[in-house]
Amino acid sequence: MTTDTGNTGSNPSPPATPIKRVATASLIGSALEWYDFFLYGTAAALVFGPLFFTGDDSLTGTLAAFGTFAIGFVARPIGGVVFGHFGDRLGRKSMLVITLMMMGVCTALIGLLPTYQQIGFWAPVLLVVLRIIQGIAVGGEWGGAVLLISENAQPHRRGFFSAFSQVGVTIGFILSSSVFALVTLLPDDQFLTWGWRIPFLLGLVLMLAGLIIRMKIAETPVFQELQTEGKVERYPALEAIRTQRRSILLTVGARMAENGGSYIFLVFSLAYGSHLGISSDVILPAIIAANVVQTFTMVGFGRLSDRVGRRPVYLFGAIGVVVWAVPFFLLMNTGTPAMIWIAIIVAVGLCHSAMIGTQPSFFSELFTGKVRYSGLSIGHEVAAIFAGGIAPLIATALLAWAGHFWPIAIYLAILGLISTIAVYCAPETASRFQTSTPGSGRDHNSANTGRIGESV
């Protein structure tokens, strides 16, 4: 397969890693890193409240645990700016290696933390510090993993191949949920004493596997071109904020339904089920099944975006969140496993999948090559604060206040409307970047093009 390098100058770009190998490496590395990040959300919903905060399993303890969950999202833009800056200056690959090491070590350390009963106040303090470092690491991870594929892929297949970076996110969630589901089978006293620690300690082993894979991948052709032509920005993050504010804002808006909705469907649903008296043994398998479905549908939606455009596919998902907000909770309220499975699979496998499968190609095409890592990461991670980071916290607070799902459904629908408006206002990027013929060697997502982001 010929790989478009994006070189529009007279000198040929250095050889690139084959796109299938790049997609595999990005997928596996992302899966391992997001395993670590999602693991915290599951633990926050099930065990962190009683172990690190109030000493019981009330909504108060869950609120406190979700508060530390949100802190990780607040830290993500820091990682986006820092790693985006150095990713645009030093390369995508090296940043992906560093972020994976940070995430793996922090996850293992969480598994070794003493509880509130053992060291009191210092237990939640240390938990928060490690969560902040996790947030910084994952804030720099996503943009690099996306660009590793999108800057290697041919324009007419970018949506398809780029979606594999998101498959890594989904597999990470499946892994974390599956491992946690297994340890919940232990007797309660063993689970709360040492069983919950096992998934976190596995993070160190997975980190080593991910490092071996990522070290073997070459730098992207687009960054190689920037270096060859001396077009590396000195302060790419500042340049992205100065020249591509509109693209950053569109990225933030488009993520509200995707990111906020996903953490309500995948994380808050565990706390909501507990409130209804539904065992996590019922909800966790449904979440895992939904992510298995999404693993396939997001690639399909990415491929569809190559054919019909990024905006129509993304709009399908955002509008779907609005439409599904009330039915999701009505089905959850039945307490019937089959209805719960339908609620979560439709929410995740269709609505969320249409957005997350289209994101990598859509968002990367909004920015120019020389500041793409920075612009992409800043927009993506700023949204994480106002969407996924606070969504479980807000949803839990609304449930504690109203004792009913209606305020949460309205909140979910508002997130969907915000994303619908943002995507409607965004340009269609696929038509601009697919003007090259397959195999022509001219990629309009190169270091020298991408005028969308410069039109601000």
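Select I78 to start. I78 is partly exposed, with a relative accessible area of 46%. Partly exposed is the range between buried (under 20% relative accessible area) and exposed (over 50%), with a 1.4 Å probe and protein chains only. I78 lies in helix α3, residues 59–90. Helices are DSSP runs of H or I, at least four residues, and strands are runs of E, at least two; both are numbered from the N terminus.

This is a predicted model: local features need pLDDT of at least 70, side-chain atom pairs need 80 or more, and totals for chains, interfaces and linings use all residues. Residues are numbered from 1 along each chain as its sequence is written, and side-chain values use heavy atoms, without hydrogens or water.

Together they make a nonpolar surface patch of about 410 Å². Patch members have over 30% relative accessible area and no salt bridge; nonpolar side chains (Val, Leu, Ile, Met, Phe, Trp, Tyr) are joined within 5 Å, like charges within 9 Å. A salt bridge puts a side-chain nitrogen of Lys or Arg within 4 Å of a carboxyl oxygen of Asp or Glu. Accessible areas come from the Shrake-Rupley method with a 1.4 Å probe; for residues, only the protein chains shown count as cover.

Next, select F160 and F161. Both are buried. Rings of Phe, Tyr and Trp (its six-membered ring) pair if their centres lie within 6.5 Å; planes under 30 degrees apart are stacked, over 60 edge-to-face, the rest tilted. The count comes to 14 aromatic pairs. F160 and F161 form an edge-to-face pair, 5.1 Å centre to centre, with 65° between the planes. F160 also pairs edge-to-face with F164, at 5.3 Å and 90°. F160 and F164 both lie in helix α7 (residues 158–183), four residues apart, about one turn of the helix. F164 is partly exposed, at 22% relative accessible area.

For an aromatic cluster, select F265, F268, Y272, F328, F329, F405 and W406.

Go on to N291, in helix α13 (residues 280–308). Is N291 buried or exposed? N291 is buried, with a relative accessible area of 2%. Leaving out residues up to four places away in sequence, N291 touches T170, F173, I174, L266 and V348. Contact means heavy atoms within 4.5 Å.

Finally, show the whole protein. The secondary structure comes to 19 helices and zero strands. Of the 456 residues, 62% count as buried.
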